[in-house]
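Thanks for passing this one along.

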Amino acid sequence: MLNTKKKPLYREKGIPLSGSEKFLSGFAYAAMALLSLVAILPCLHVISKAVSNGPDVTAGNVYFWPVGFQLETVKYVLTQTSFFTALKNSLIVTGAGTLLSLFTTITTAYPLSKPSFKGRRVVSLLYVVSMVFYGGMIPAYMVVRSLGLLDTYAACILPFAIVQFNMFIVKNYFESLPESVEESARIDGAGDLRTLVSIVCPMSKPVIATIGLLYAINYWNNYFHAMMYTKSSNMYTLQVYLYNIISNSQAVAENLASGSFMLNITSEGMVAAAVTLSIIPIVALYPFVARFMVQGITIGSVKG
């Protein structure tokens, strides 16, 4: 009689690894450790320069650990530059933009995920065409200018209210949800909006968190469009502020009035401090949604 028992796809506990498996496992751990160092060491270098003594930073004595720990450079960036104004602008653009983008993405993806929606293929095709063919920078600027949105928060938000690729990820995730759950809600008298808010969205937390993080990172890191659509310094976002700090740090450091500051504040230290402070908000947000990212993208790509 044939043995139809399937071989398990995982290794049972207690079974020793073979020589080749040990080698592959060790190689994988070593490669991951090396890649982790490649990602972490540059960050440690920048942070160390931000809190190190000025002469040591200028002399190139700072590598991955602070030399002559001091916070004067960080204090100067926080109190003597427009860091908090730029931070406020970035937080407003990122927060409002992410909420608006999630709203437009979800409300667009939900009807397109229903086979009963008339014109579904045509609308989907239009989104594909707009994703492949882009009008260009000059037409986009002319549209924003003609609407009178220059130098406003709306100019940094509305042109990016929906990203087609993200919409298709959410649409595919909605298509993978069991239809029976929505049918039960409709039998109980729930309409489309109530079903979306009370049933579909709670079941789609992984993909919503993933897309929300992608939108937030996109708004937070947006430099070129923020520079193009804003003119006054009180509307600069954090990325434009960082560019100005990098471009003018040497002149600012040379014009410091206090000789005591000159001992510790250098152009390299100012740039490092500004960069370090700017990454804190997005790094603080990431752990709350990181566990949803892999699950959201993987499940959202099951159906095409």
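Predicted model: local features only at pLDDT ≥ 70, side-chain atom pairs only at ≥ 80, totals over all residues.

1. Residues are numbered from 1 along each chain as its sequence is written, and side-chain values use heavy atoms, with hydrogens and water left out.

2. The largest pocket holds about 580 Å³ of space. (On a 1 Å grid over the protein atoms alone, a pocket is an open set of points with protein on both sides within 12 Å along at least five of seven lines, whereas a cavity is a set where a 1.4 Å probe fits but cannot get out; lining residues have an atom within 4 Å of a point. Points are joined across faces, edges and corners, and a volume is the space filled by probe spheres set on them.) Of its 22 lining residues, Tyr134, Leu158, Pro159, Phe160 and Ile162 lie nearest the centre.

3. Which helix gives the most to the lining of the largest pocket? H6 does, with four residues. (Helices are DSSP runs of H or I, at least four residues, numbered from the N terminus.) Helix H5 (120-132), helix H6 (137-146) and helix H12 (224-229) each supply at least two.

4. The second largest pocket has a volume of about 280 Å³. Its lining has 16 residues, with Ile106, Thr107, Tyr110, Leu193 and Leu196 the closest to its centre. Seven of the lining residues come from H4, the largest share. By class, this lining divides into 12 nonpolar, one polar and three charged residues.

5. There is one cavity of 30 Å³ or more, and the largest cavity has a volume of about 60 Å³. Its lining includes Ser90, Cys156, Trp220 and Thr237. H4 supplies the largest share, three residues. The cavity lining has five nonpolar, four polar and no charged residues.

6. Finally, do look at Val129 in helix H5. Val129 counts as partly exposed because its relative accessibility is 38%, where buried means under 20%, exposed over 50% and partly exposed in between (1.4 Å probe, protein chains only).

Definitions and conventions. Nonpolar A, V, L, I, M, F, W, Y, C, P; charged D, E, K, R; others polar.
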